[in-house]
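Please keep the sequence and the coordinates at hand while reading.

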Amino acid sequence: MGVPEPRPDWSRRLLGQGEAPDPRFTLANERTFLAWVRTALALLGGAIAIETFAGHVLETPLRLWLVAGLMRLSALLSAGACLRWLRVERALRHRRPLPLPALVPLLAL
């Protein structure tokens, strides 16, 4: 068994110290992140579809508010997914309880 390679400096700054968790937990955390990103992309796709195909059905101000709202929610979800991934990864490395997802109430609204 060799000596483990040191992590890059940016990795240490993002994740802090602590022990590397079981790879299954890290991969599960990544899958959850990707699921949030897929949801954000679906919202963005919905905004594009409304702008493209609903121009004659919805009044312009309503359509613009709806499209802008979906785009903002998509961006917020993407950023929140990244922050959640980081918080969970840090908790795993320090053997702390996992943080509650702040994204769920937002998406439910």
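Ala47 touches Val67, Leu70 and Met71 once residues up to four places away in sequence are set aside, a contact being a pair of heavy atoms within 4.5 Å. The model is a predicted one, in which local features need pLDDT of at least 70 and side-chain atom pairs count only at pLDDT 80 or more, while totals for chains, interfaces and linings use all residues. Residues are numbered from 1 along each chain as its sequence is written, and side-chain values use heavy atoms, with hydrogens and water left out.

Ala47 belongs to helix α2; helices here are DSSP runs of H or I with at least four residues, strands are runs of E with at least two, and both are numbered from the N terminus. With a relative accessibility of 1%, Ala47 counts as buried. Ser74 is 27 residues from Ala47 along the chain, and the two C-alpha atoms are separated by 9.2 Å.

Ala47 is also one of the eleven residues of the largest nonpolar core, which consists of Trp36, Ala40, Leu43, Ala47, Ile50, Ala54, Val67, Leu70, Leu77, Ala81 and Leu103. Such a core is a set of buried Ala, Val, Leu, Ile, Met, Phe, Trp, Tyr and Cys residues joined through side-chain atoms within 4.5 Å. Two or more residues of this core come from each of α2 (23-53) and α3 (60-93), and α2 gives the most, with five. In soluble globular proteins, nonpolar side chains tend to be buried together.

Another residue of α3 is Gly80, which is buried at 16% relative accessibility. Gly80 and Ile48 are 32 residues apart in sequence, and their C-alpha atoms lie 21 Å apart in space.

Asn29 is found in helix α2 and, with a relative accessible area of 7%, is buried. When neighbours within four places in sequence are left aside, Asn29 is in contact with Trp85, Val88 and Glu89.

What is the volume of the largest pocket? The value is about 160 Å³. A pocket is found on a 1 Å grid over the protein atoms alone, as an open set of points where a 1.4 Å probe fits, with protein on both sides within 12 Å along at least five of seven lines; lining residues have an atom within 4 Å of a point. Grid points are joined across faces, edges and corners, and the volume is the space filled by probe spheres set on the points. Rolling a probe the size of a water molecule over the atoms shows where empty space is left.

Each of α1, α2 and α3 supplies at least two residues of this lining, and α1 provides the largest share, four residues.

Arg95 is exposed at 68%, whereas Glu19 is partly exposed at 48%.

Arg95 has a further feature, a positive phi of about 55°, although it is not a glycine. Most residues other than glycine have a negative phi.

A second bridge pairs Glu51 with Arg63, the closest N and O atoms being 3.2 Å apart. Glu51 lies in helix α2 and Arg63 in helix α3, so the pair ties together parts that are twelve residues apart in sequence. Glu51 is partly exposed at 34% relative accessibility, and Arg63 is buried at 10%. A further bridge links Arg24 and Asp22, with the closest N and O atoms 2.5 Å apart; Arg24 is exposed at 60% and Asp22 partly exposed at 26%.

Notes
Buried < 20%, exposed > 50% of the residue type's maximum accessible area, 1.4 Å probe, protein only. Salt bridge = Lys/Arg side-chain N within 4 Å of Asp/Glu carboxyl O.
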